[in-house]
Amino acid sequence: MDERAAIVPTLPRLNPTSSYWQDPPHPISTHRTTSELPESVSTIIIGSGITGASIAYNVLDRSDASSVLMLEARTTCSGATGRNGGHTKAASYRAFLDNVRDQGEAEAARIARFEYRNIKAVHAFAREHKIECDSWEGDTVDIIYEVNQWNRARQAVSEMRRILGEEDVAAQYKFYDASETAERFLTDGAVGSVSYEAGSIHAYKFVIGVLGLALTKGLNLQTKTPVLEICRSSGGQSRWTVKTQRGSIEAQRVIMATNGYTAYLYPPVKGIIVPLRGTVAAQRPGSRMPKEGLKTTYSFIYGNGYEYMISRPPGSRYAGDLIIGGCSTKAPEEGLYEWGTTDDTAMDPEIGQYVRDSAANYFGSQWGEDDPDGRIRKQWTGIMGYSSQGFPLVGKAPGEDNLWIAASFQGSGMVLCFLTAKALVTMMDGEDDEGIIDWFPRAFRMSEGRLKDKFRGRLHEKAPMDLELKAGCEAQPVPEERPIRSQGTMPSST
């Protein structure tokens, strides 16, 4: 892993694999607000995904906002946000025990509540601003295939209820045993399952909507403008020069919303923020799958990894399509060679084949025959960013004035980025303590100490083996707290 983590990221590559979400591309995908770059601006935001878009909106929503320039290397929202799996799902219980151990009970609770609040905020924003993005809120289910993972889940939820409180919205989970799981969720061979609140969304359309609002407030968006270097301006140590392939711009402050690519522009995070290539496929469901679509979203959890899957909601284009991703640990060396790469123009053939087969394998006899037009509608890759502690890095670059970062969202951008942007803008405006101290996780903040942490790969996936029950023991389900909600009955913004 040390060798993979030490690879210096490249710029985003031209001609990436074609994402399901970006087909067709939106009219602002190649937008340039002005034909030439301005010579000087107040704020430069690098990156046009959900983080950059949300930062731009929050900056411009303030009454004292001045000139804001957004620079995007490729087309609008062409990075991780526009290439994801469509899930708004926290799975906070999966990391909760580690967070308690490493960060303490209060911070672990703050992280879980933040993740839940972020999901709700994304869908609420889409509703409030009438962004047509197939926003759906309902339940998800984690199908668990190994006993140690099952026991760790039960232990984590028990701790969440103790620390957060039985009635806390972020601690509401429901467990099903093996027979209930097979009957309710059409999957055989599981130890059990756990269901909780989540959602799905067309993230590309959501970001396009947020950027549209920012453009009306005065954002200058410049696509196909890769940033080559950020350096101190000769005009003063607190100002910056941003060099691009189209010229240089002076700025009072610069914000890097560049996720897995950040080390290209900011070398101190080389080996701290490490890219990981993910693979996703959009699949037509098999002939025996429910005609109305699946009632929940899914994850399939096994010993050293998981896959995640949504069913496209009623009323959306290609309603019922299954979007499934993950699978990298099924490759040789648990997909080690996917770390450190920023090449989303290509796809590993073994991982690609596993993704193509995975949904049909999980549903088994419930799948039926493949669609006459073929199982795969589209398959693509994208670049995520992971950190040494498993948390984003958010805040001012250590030792620098007016250089800010919000990156490394651990493949969970839809669960973390939207409110992180609000927190970052609050920090930049000098309202840190009074504005966000109660709700923004301290573990996410940028610091000098975080630049010294050794990268350990993707965290929170493997359950300790001491949680495995003895052979023949049966895990017991947790009593039911609330009903499962289906995609056909939940409110949607479309």
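This is a predicted model: local features need pLDDT of at least 70, side-chain atom pairs count only at pLDDT 80 or more; totals for chains, interfaces and linings use all residues.

Me: OK, what volume does the second largest pocket have?

Reply: About 360 Å³. Its lining has 20 residues, and the closest to the centre are Trp-21, Pro-24, His-202, Tyr-204 and Lys-205.

Me: Which element gives the largest share of that lining?

Reply: Helix 7, with five residues. Helix 7 (203-216) and strand 15 (376-387) each bring at least two. Sorted by class, the lining of this pocket has nine nonpolar, four polar and seven charged residues.

Me: Let's stay with Pro-24. What kind of peptide bond joins Asp-23 and Pro-24?

Reply: The general idea is that most peptide bonds are trans, and most residues other than glycine have a negative phi. The bond between Asp-23 and Pro-24 is cis, with omega about 5 degrees. You'll find Pro-24 in the loop between helix 1 (2-5) and strand 1 (40-46).

Me: And where should I look for Tyr-318?

Reply: Look in the loop between strand 13 (305-311) and strand 14 (322-326). Tyr-318 isn't a glycine, yet its phi is positive, about 60 degrees.

Me: Now helix packing. At what angle do the axes of helix 3 and helix 5 cross?

Reply: In general, you describe two packed helices by the angle between their axes and the distance between the axes. Here, helix 3 (residues 93-103) and helix 5 (residues 147-164) cross at roughly 65 degrees, and their axes come within 8 Å. Angles of 65 to 115 degrees count as roughly perpendicular, so that is how helix 3 sits relative to helix 5. The crossing of these two helices is left-handed. Among the residues in contact are Tyr-93, Phe-96 and Leu-97 of helix 3, and Arg-152, Ala-156 and Met-160 of helix 5. By class, the contact between helix 3 and helix 5 has 10 nonpolar, two polar and four charged residues.

Me: Is the crossing of helix 2 and helix 10 left-handed or right-handed?

Reply: Right-handed. Helix 2 (residues 50-60) packs against helix 10 (residues 413-428) at about 35 degrees, with the axes 8 Å apart. Residues that meet there include Ile-50, Ile-55 and Val-59 from helix 2, and Met-414, Phe-418 and Leu-424 from helix 10. The contact of helix 2 with helix 10 has 10 nonpolar, four polar and one charged residues.

Note on methods:
Residues are numbered from 1 along each chain as its sequence is written. Side-chain values use heavy atoms; hydrogens and water are left out. Axes are lines fitted to C-alpha atoms, for helices over the stretch in contact, and angles run from 0 to 180 degrees between N-to-C directions. Helices (H or I, at least four residues) and strands (E, at least two) are DSSP runs, numbered from the N terminus. Angles under 35 degrees count as roughly parallel, over 145 as roughly antiparallel, 65 to 115 as roughly perpendicular and the rest as oblique. A crossing is left-handed if the near helix is turned anticlockwise from the far one by less than a right angle, and right-handed if clockwise. Contact means heavy atoms within 4.5 Å. Ala, Val, Leu, Ile, Met, Phe, Trp, Tyr, Cys and Pro count as nonpolar, Asp, Glu, Lys and Arg as charged, and the others, Gly among them, as polar. On a 1 Å grid over the protein atoms alone, a cavity is a set of points where a 1.4 Å probe fits but cannot get out, and a pocket is an open set with protein on both sides within 12 Å along at least five of seven lines; lining residues have an atom within 4 Å of a point. Grid points are joined across faces, edges and corners, and a volume is the space filled by probe spheres set on the points.
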